[in-house]
Amino acid sequence: MRFLPASDCALLVELADLDHALALYRAVQERPIPGVHELVPAARTLLVHYRPEAVAPAALIAALRERSAVADRGPSDRAATRQVEIPVHYRGEDLAEVAELLGIPVAELIARHTGQPWQAAFAGFAPGFVYLAGGHPCFRGIPRRPTPRTRLPAGSVALAGDFSAVYPAASPGGWQLIGVTDVPMWDLRRTEPAYVQPGFQVQFVDADAGGRHVSLPPTVASEPDPAPEPTATTAIEFERVGLQTLVQDAGRHGMAGLGISPSGALDQPAMRQANRLVGNPVHTPVLENLLGGLRLRCHGRATLAVTGAAVPLTLHGADGRQWALASHAAVALDDGDVLVVGTPTAGVRCYVAVRGGWQVAPVLGSCATDTLAHVGPPALQAGQRIAIGSVPPHALRATQPAEAAPADLPRPGDEVTLDVVAGPRTDWFTPDALARLERQTWQVTPQSNRIGLRLHGAQPLTRARHDELPSEGTVTGAIQVPAGGQPVLFLADHPLTGGYPVIAAVASHHLPLAAQLPVGCRLRFRVIAPFADLGAPAKETPA
């Protein structure tokens with residue numbers, strides 16, 4: 001086993017194979033480790049998210065070693081809780097090519113793919129995408145396509161590495177496409193949105209063979225999470241919503257088994273500050289606005305606060321008067337007042353809280369909008385109204401005095417330095433790559449969003465290893481390096497797992513700053529913790 005730093009609050013445990021990874025995963029689930037709050041199993045790794053204030057890395061490693069020593073490493077199917085069937089139309093674009101690669105006829109490939117059950121091992125990059133292990137031994141080491149397709153249709157059944165899987169939604173993909181299914185892999189209208197979950201047994205069936213009926217999941221809509229009961233008619237109408245305005249909160253934690261990252265507000269301190277200013281509990285849902293352009297009208301009376309990016313605020317009174325206001329302070333609105341959020345002068349994302357909270361129905365226990373997984377409330381639209389809720393008297397606090405906007409908010413063209421922790425795959429790169437990561441500047445490109453910041457440097461990062469990295473868990477702040485060598489800095493809506501090596505991860509104290517970086521900003525990285533196997537014996541110092 002190797003224990004590799006994935007960030008300053010996450011550890012990547014590298015194991016011999018899938019069975020060892022799942023065995024350790026089950027062992028930690030059965031005997032939780034204090035301070036560990038999320039586990040992400042993958043092909044031969046286990047990503048462990050922990051709270052450094054609750055458990056030190058050395059104690060965490062000792063606890064993981066102890067659980068690994070007694071873990072049940074039997075076949076993963078012993079954890080199977082249910083068998084599901086997936087009817088497949090075997091007419092994928094790569095079907096004949098894969099059959100030729102294996103040296104068998106297409107009919108034999110289909111027979112082998114359907115001939116024995118597969119085990120749902122771990123969740124993948126999106127909700128409903130599950131890596132299926134087992135199957136016929138010939139499906140081992142299937143290479144990915146040299147160039148990924150820009151779009152695979154929803155329901156695509158594919159092979160890559162030692163796994164099979166079904167793409168739950170239309171998306172880019174580099175797996176070998178052998179067929180398609182009509183069964184939705186992910187549907188929030190179902191009581192269980194994920195048709196396949198880790199631990200299930202999956203039987204593929206040739207949908208065109210005839211003579212067999214396949215039971216499909218019921219499409220009865222599940223009851224959505226209830227919205228808070230409104231106690232008043234006060235509401236905010238959004239006359240303009242700008243480039244993007246989303247509902248966010250502290251995130252949707254504990255959903256790794258379904259392939260869902262936590263998501264949530266990118267600048268968590270700004271979210272908490274906005275709620276403090278209006279007297280809400282700090283994790284009350286807020287609005288996250290990108291680049292201003294927000295215009296809202298108050299119906300009734302309300303108290304709001306805008307934090308995060310430095311933005312000009314203009315209040316248009318119902319009586320025709322107009323005031324310029326400072327952000328990062330509570331603002332009282334009367335019936336008919338209009339508040340306009342202008343273009344940021346520094347930073348890119350601002351957060352709008354209202355006293356009593358926004359009346360928005362949670363999805364899977366959270367109001368966070370995950371733009372990659374398409375989970376959570378939809379983006380706000382012009383003309384939409386949201387009612388203002390109430391907070392229980394014991395939870396409502398006094399509004400707080402105005403606070404200053406952060407002094408280090410970046411502007412386009414500024415140079416910003418982010419602290420990073422080297423790992424977990426720093427050793428996949430040449431010795432010069434980590435030095436280059438620190439030495440040269442990286443520009444934030446227009447292709448950046450809540451999933452990640454796409455960066456560009458004069459010289460790409462070069463890899464020492466060019467073999468395929470089995471998919472493994474990733475963290476917010478991970479700096480993943482695709483084949484081209486230009487890094488991507490993952491933000492809160494990043495995929496749960498990834499197949500490109502991560503050279504380093506942004507330290508947790510600089511994640512809010514990363515959330516405020518504008519396009520055109522220049523980045524430098526400062527390594528504050530060198531790469532090392534944290535579980536390796538300490539080297540003796542010569543006398």
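**Reading the inside of a predicted model**

Pro487 sits in the loop that joins β29 (478-480) to β30 (488-490); strands here are DSSP E runs of at least two residues and helices are H or I runs of at least four, numbered from the N terminus. This is a predicted model, with pLDDT of at least 70 needed for local features and 80 or more for side-chain atom pairs, while totals for chains, interfaces and linings use all residues. Residues are numbered from 1 along each chain, and side-chain values use heavy atoms, without hydrogens or water.

User: How do you know whether Pro487 is buried or exposed?

Analyst: Buried means under 20% relative accessible area, exposed over 50% and partly exposed in between, using a 1.4 Å probe and protein chains only. Pro487 has 1%, so Pro487 is buried.

User: What does Pro487 touch?

Analyst: Contact means heavy atoms within 4.5 Å. Leaving out residues up to four places away in sequence, Pro487 touches Trp442, Leu453, Arg454, Leu455, Leu461, Ile479, Gln480 and Val481.

User: Which residues of helix α6 (residues 431-439) are buried, and what puts them on the same side?

Analyst: Ala433, Arg436 and Leu437 are the buried ones. They cover an arc of only 105 degrees around the axis, so they lie on the same side of α6; the arc is taken from the directions from the helix axis to the C-beta atoms. The buried residues of α6 pack against β26 (442-444), β32 (502-506) and β33 (522-529).

User: What makes a set of residues a nonpolar core?

Analyst: The set must consist of buried Ala, Val, Leu, Ile, Met, Phe, Trp, Tyr and Cys residues joined through side-chain atoms within 4.5 Å. The largest such core here has 39 residues, and Leu418, Leu489 and Phe525 are among those with the most contacts inside it. Helix α5 gives the most to this core, with 5 residues.

User: Why is one space called a cavity and another a pocket?

Analyst: On a 1 Å grid over the protein atoms alone, a cavity is a set of points where a 1.4 Å probe fits but cannot get out, whereas a pocket is an open set with protein on both sides within 12 Å along at least five of seven lines. By this rule there are 3 cavities of 30 Å³ or more, and the largest cavity holds about 40 Å³. The second largest pocket has a volume of about 920 Å³. Volume is the space filled by probe spheres set on the points, which are joined across faces, edges and corners.

User: Which residues lie nearest the centre of the second largest pocket?

Analyst: They are Cys9, His253, Pro262, Thr476 and Leu511, out of 35 lining residues, and lining means having an atom within 4 Å of a point.
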